[in-house]
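Q: I would like to learn how to read a fold from its computed features. Where do we begin?

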Amino acid sequence: MSANAAPHEMKSLRDFVPFILSELKPRGKIFTLFNIISVPVIILGVILIAYRMVKGIGSITNLSQEFPWGMWIGFDVMTGVAFAGGAYVLTFVVYILRIEKYHPIVRATVLNGFLAYVFYAGALVIDLGRPWHIFNPIIGNKFGLSSVLFLVAWHFLLYMTAEFIEISPAFAEWLGLKRTRQVLSSLTLGAVVFGITLSTLHQSGLGALFMMAKGKIHPLWYTQFIPILFFVSSIFAGLSLVIFEGSISQRVFSDHLDDEHRASHHDILIGLAKGCAGAMFTYFFLKMLIFMHGRHWEYLHTGWGLWYLVEIIGLVLIPCYLFLRGAMYKNLISIRVAAVLTILGIIINRLNYSVIAYKWYIPLPAHYVPSWMEIVTTLAIVFAEIWVFRWIVTRMPILRKPPKWVTTG
Amino acid sequence: MDRRKFLKSLGVGMLGAAGTALTARRSHAAEYSSESGEEFKGVLVDTTRCIGCRSCEEACAAAHDLPAPDIGDESVFKEKRDTSTTQLTVVNRYKTDKGIFFVKKQCMHCGQPGCVAACLVKAMKKHDDGAVTWDTNCMGCRYCMISCPFDIPKFEYNSWNPKIQKCNLCWEQRLTKGGIPACVEACPTETLLFGTKRELIEESRRRIYRQPKKYVNYIYGEDEVGGTSWIYLSAVPFEQIGFKTDLGVTAYPEYSTGFLYAVPIVLILWPAFLMGLSYLTRREDEEEKKEKKR
């Protein structure tokens with residue numbers, strides 16, 4: 001494979017520059033279905049973002065004074081970060097519990113998590129009204145210490161750094177930087193411990209953002225336990241995405257996988273399914289406790305009650321059962337269906353807090369619905385992330401094993 | 001691993017994250033005075049006196065360099081208006097069983113404002129004299145809008161350099177120069193009364209006591225969301241004249257203190273726990289390896 005042509009060790013800039021240039025060239029077929037769809041979307045997305053920077057957020061979004069947060073926050077940030085949760089869960093399993101079975105997928109997951117933060121949390125920049133002030137809470141133009149968002153902002157930044165450290169050995173292997181790799185991989189455990197701690201706090205922190213929206217979020221969703229619910233659901237959100245993404249990578253990048261990885265893939269999926277089922281049952285149980293204590297029976301007869309049940313039964317309990325069943329009978333189809341349902345459930349859950357059940361008392365016609373331009377920019381961001389992911393995976397040892405010099409020393 | 005680097009990074013994280021909780025909670029006296037002890041000033045709105053002349057709207061627009069409203073146009077009362085980026089205060093008309101009432105709407109200047117607790121750069125500020133104002137180091141995240149129980153902050157969606165617009169109690173324009181808010185000065189019927197919150201509450205009680213049949217025995221804003229610097233008197237129950245009466249008396253920042261308190265605990269316990277767990281599993285690993293060697 002071409003990437004193996006990377007020199008054993010980069011000696012000078014003279015080796016370095018041509019290598020990077022050769023790596024920048026596209027690989028594989030250019031006119032694939034994905035490329036044909038994604039390229040126009042990304043181009044349109046860039047144009048829309050440029051237009052928004054000149055004309056203001058209102059020019060391409062349906063945001064209003066009543067609905068200050070829309071799809072860009074509710075989907076890109078809230079949901080994107082939940083899906084990135086797979087990284088902290090798997091690094092916990094592999095580096096803290098040292099369950100080696102999951103080692104083959106840990107790099108792809110961390111890379112995915114890292115890119116998710118860069119792109120989806122990065123999507124925040126286009127949602128901010130005054131994005132040039134984004135570093136104010138970091139540089140101290142002023143520290144809003146009593147703000148949950150202050151904590152989330154800091155944690156995003158620190159966690160991106162931690163994840164970059166976690167994935168950096170793969171970059172060093174790609175560039176053939178032996179010594180750098182040694183230093184970077186010695187930092188992994190520290191980054192993992194730090195990363196898990198940060199994830200615990202900002203996954204729940206995203207939920208805590210809505211604590212002051214009391215009265216605006218439907219009582220079936222608003223509870224003082226939102227932070228805990230967000231944290232627990234990020235576990236199975238992340239794992240489901242790993243299952244989903246792994247199943248696709250398995251096909252798309254199959255020539256990058258080594259035989260060992262290919263053989264253990266089923267085993268890994270079944271293990272992940274068990275993990276998902278466990279976390280989802282915990283979540284369901286928590287939801288039930290909160291519901292009982294909240295005494296919101298009267299809302300169950302309304303449309304909102306039905307919507308609540310769709311989420312909690314159809315997109316939590318049923319996939320939970322499917323995961324369990326899939327794990328017991330080693331049925332991968334069942335597991336994949338469950339993963340898709342779970343992903344859908346998480347999207348709906350996060351949108352419920354930020355958009356759908358937010359200001360539920362406002363009649364539907366006046367309710368916020370994203371404009372087509374918001375959807376296009378979101379798609380553009382998702383596609384751009386996949387492009388970068390693909391670029392890295394086809395060049396660096398993410399799915400395949402590290403080069404020989406790593407193990408032989 | 002590199003312990004020094006790890007500790008260093010942990011320290012930075014603590015600064016960024018743990019510090020969050022330390023300033024969160026304040027005592028309940030916070031509805032009357034600032035931490036430095038200065039009494040909050042505010043305005044009493046006696047809705048029984050308002051004639052809907054909208055002089056306050058005009059004065060407000062003039063004080064803030066906003067487009068002047070046409071106060072002769074009575075058609076505006078057909079709909080319930082909200083404040084906007086160009087109208088920091090509006091007067092609405094309500095038809096009730098006790099007759100027609102006009103109600104002025106603007107920022108309530110909460111004692112412990114949700115928007116101030118929400119702001120991650122302290123662009124929203126509660127001044128010692130009670131005014132809640134916005135500053136230009138804002139990054140435009142609009143979390144203040146999510147956190148305001150009264151939906152007051154308004155965002156300029158159609159500007160490349162948007163501001164948050166809301167009533168600032170004329171803090172910059174008049175208060176700091178020893179003046180009183182433009183709307184209060186412009187009011188011809190003494191509907192609006194400027195003073196410290198303590199005085200305003202006393203005056204409200206006096207009015208209710210003197211004319212118990214005229215007023216409902218309730219001062220809106222005395223305790224709502226932990227107390228607001230603007231308070232209202234009414235002849236009819238407040239829900240009939242457009243007020244949210246289900247907001248509770250808890251100050252909005254209190255809703256997130258539970259989470260913020262947990263932050264330093266997690267930040268200290270989690271790494272210790274994870275490191276410990278990691279050492280435990282490592283030892284097993286090594287023992288296995290040793291056994292294999294034998």
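What follows is a dialogue on a predicted model, taken feature by feature.

Q: How many helices and strands does chain A have?
A: Start with the secondary structure count. Chain A has 16 helices and 0 strands.

Q: What percentage of the residues of chain A count as buried?
A: Burial is read from neighbour counts. In chain A, 50% of the 409 residues count as buried. Sequence separation is another reading: among contacts in chain A with a separation of 6 or more, 81% are between residues 24 or more positions apart.

Q: Which residues have the most contacts inside the largest nonpolar core?
A: A core is read through its members and their contacts. The largest one has 201 residues, and A:Leu149, A:Ala273 and A:Phe323 have the most contacts inside it. Helix H8 (residues 148–175) of chain A gives the largest share of this core, 17 residues. Domain 1 (3–19 + 256–293) and domain 2 (40–252) of chain B each supply at least three residues to this core. Leaving aside neighbours within four places in sequence, A:Ala273 is in contact with residues including A:Ile243, A:Phe323 and A:Ile335.

Q: In what order do the 3 strands of the open sheet in chain B lie?
A: A sheet is read by strand order, then by pairing. The order is S8-S1-S9, with mixed pairing. Strands S8 (192–196) and S9 (230–233) of chain B are the edges, each pairing on one side only. From one strand to the next, the twist averages 25°. Strand S1 (residues 41–46) of chain B runs parallel to S9(B), joined to it by 4 bridges. B:Asp46 has B:Leu233 in S9(B) as its bridge partner. Helix H7 (residues 197–210) of chain B lies across S1, S8 and S9 of chain B, at about 130° to S8(B).

Q: Why does A:Trp304 count as partly exposed?
A: The neighbour count decides. A:Trp304 has 19 C-beta neighbours inside 10 Å, so it counts as partly exposed; a buried residue needs 20 or more. A:Trp304 is in helix H13 (residues 303–329) of chain A. Residues up to four places away in sequence aside, A:Trp304 touches A:His218, A:Leu220, A:Tyr299, A:Ala357 and A:Trp360. The C-alpha atoms of A:Trp304 and A:Trp360 are separated by 8.6 Å, with the two residues 56 apart along the chain.

Definitions and conventions
Residues are numbered from 1 along each chain as its sequence is written. Chains are lettered from A and ligands numbered from 1 in the order in which they are written. This is a predicted model: local features need pLDDT of at least 70, side-chain atom pairs count only at pLDDT 80 or more; totals for chains, interfaces and linings use all residues. Helices (H or I, at least four residues) and strands (E, at least two) are DSSP runs, numbered from the N terminus. A residue is buried if 20 or more other C-beta atoms lie within 10 Å of its own, exposed if 12 or fewer, and partly exposed in between; C-beta atoms are placed from the backbone. Two residues are in contact if their C-beta atoms, placed from the backbone, lie within 7 Å. A nonpolar core is a set of buried Ala, Val, Leu, Ile, Met, Phe, Trp, Tyr and Cys residues joined through C-beta atoms within 7 Å. Domain bounds come from an automatic or database domain assignment. Two strands pair if DSSP finds at least two bridges between them. Axes are lines fitted to C-alpha atoms, for helices over the stretch in contact, and angles run from 0 to 180 degrees between N-to-C directions.
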